[in-house]
Amino acid sequence: MKQYFKRFFQFIFVFTIIISGFVAGNIKVNASSTTYYIDTSSKLSSLKSIKKIFDTWKGRGMENIDVYEQADALRFYRYYESVATSLNPSQATIQNSLAAVGITYAYQSVSSKYTAIRMEKYYDYSEPINYMGIDYSYMGESAFNNDYEAFYILIYATYIQDPNGPILDASIINPNSLNTNEEIYIAMDDNNISQEVIGGKLIEESTTQAVVLPGKIVTEVHSYAPIKRFWILDQSIYGYPSGYIPFAASITYTSYSPLITAEATITLIDTDKLIIIYYGNQEGVYMTLEQHYERNVYQPTFPDTLGEAKTAYNDLEKQSSTATYFHRLATYDGDTSNYSNVKYTMDSSMGTYARNMWPNSSYEVIYNGNTDTNRIKNDSLIMGTFNYSDAAIIGGRPHYMYDVYPYLIWGNTSNDPSTIKERFIWEKGSADILFNTWYQLRGESLHAKFSFTVSTQLTTSEYNILAARLGN
């Protein structure tokens, strides 16, 4: 019944958009129907203007913004993505970037105390669920599903508190920063953003009401929601090119590992969302790129040497050569420098945020040998990564869903030098590590070992679609 009502209200929402003039898949909306006032003199000024627009919406109540404004909210985020990495884009570049996502604007100067502004799409995490009597890692459908994505827009607005100004009484997200020179993050809204990854660091503390002395660097964290984007609609209304299809590719794949016999359907949406379904919809993982790349913020900081790690963590468990396969990969064709690497794992610590969210999660660390003097290996190609589900749970199936398949699509981090083609070929090689040396090969030498043309797992056309969307 709950699913019925969910579908019913989704239908009503989409129907409302259609009769409002957004005809899904047919009429292409090239520009916003609203003219916004934006200062295009600099990137920072344009973002100050955008924050002001979001604040106006919030003043009315975000639940009251109409479907056009929800679409424009994502257009503004798309604009931010286009200029985020540019240090000082020209006014012409700013204007062209706004036009490219369909924002209609008029110039109006803006001033504020902020020295930096950044934006982020934020997806809620789901609580763990019980499957076959076992609590196990679960990302859930709260963030996105087959019909739409639902998200917050977070705006981080930074300023230096006036050294001669008053003491600030605020809700501090990272209260430990009060006694250091760290940036202080302030929650500006009554919502659950205290469990947040900020600047690559997990903020585990609950929001604390405290005073901030003058002269501190302060970042306000503003949250704007709910915002939804429906896949069925012409994506140009959200600032994407006309004809853009969010679902890049859907592949049916069974791991070459002899332990994994279940077929999985893996669907890539845009470049940053995966739906991984097992057993004809009986099990599903809905994971964002952010959830995948930021997994290591849940790990402890392991010592530089194995001996120190054994002293600090007496439950470290050495893994087999087969289990270490993906941590012995060549940095270049023919390289064997990682061949002596050894993987160690241990269960995530009781009482931590990671253990509470993912009860069967585990830590993973790589050292370049098994003696006490061997050193940790942290480069993106072969690094140890936090596992949302340990490989021992339910025969390793959840581990493949939450940890292995996302790695095959995205790599370990944004700096991972491997390609999706290399990773899928290595996945086949990992099934018989004792009888081949594919992990020592890169590029064309590796490609020659396996052809997607004759593969029943990932066809050439499927690979080409994935690689084109991911840019590798």
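Setting aside residues up to four places away in sequence, Phe424 touches Ile251, Tyr253, Leu408, Ile409, Phe452 and Leu458 (contact means heavy atoms within 4.5 Å). Keep in mind that this is a predicted model, where local features need pLDDT of at least 70, side-chain atom pairs count only at pLDDT 80 or more, and totals for chains, interfaces and linings use all residues. Side-chain values use heavy atoms, with hydrogens and water left out, and residues are numbered from 1 along each chain as its sequence is written.

Phe424 is also among the members that touch the most others in the largest nonpolar core, along with Ile266, Phe302, Leu329, Tyr405, Ile409 and Trp426. Helix H8 supplies the largest share of this core, nine residues. A core here is a set of buried Ala, Val, Leu, Ile, Met, Phe, Trp, Tyr and Cys residues joined through side-chain atoms within 4.5 Å; buried means under 20% relative accessible area with a 1.4 Å probe, protein chains only. There's a second, separate core too, and Tyr77 is one of its residues.

| Nonpolar core | Size | Some members |
|---|---|---|
| Largest | 61 residues | Ile266, Phe302, Leu329 |

H3 is mostly covered, with 13 of its 17 residues buried.

How values were computed. Buried means under 20% relative accessible area, exposed over 50%, partly exposed in between (1.4 Å probe, protein chains only). Helices (H or I, at least four residues) and strands (E, at least two) are DSSP runs, numbered from the N terminus.
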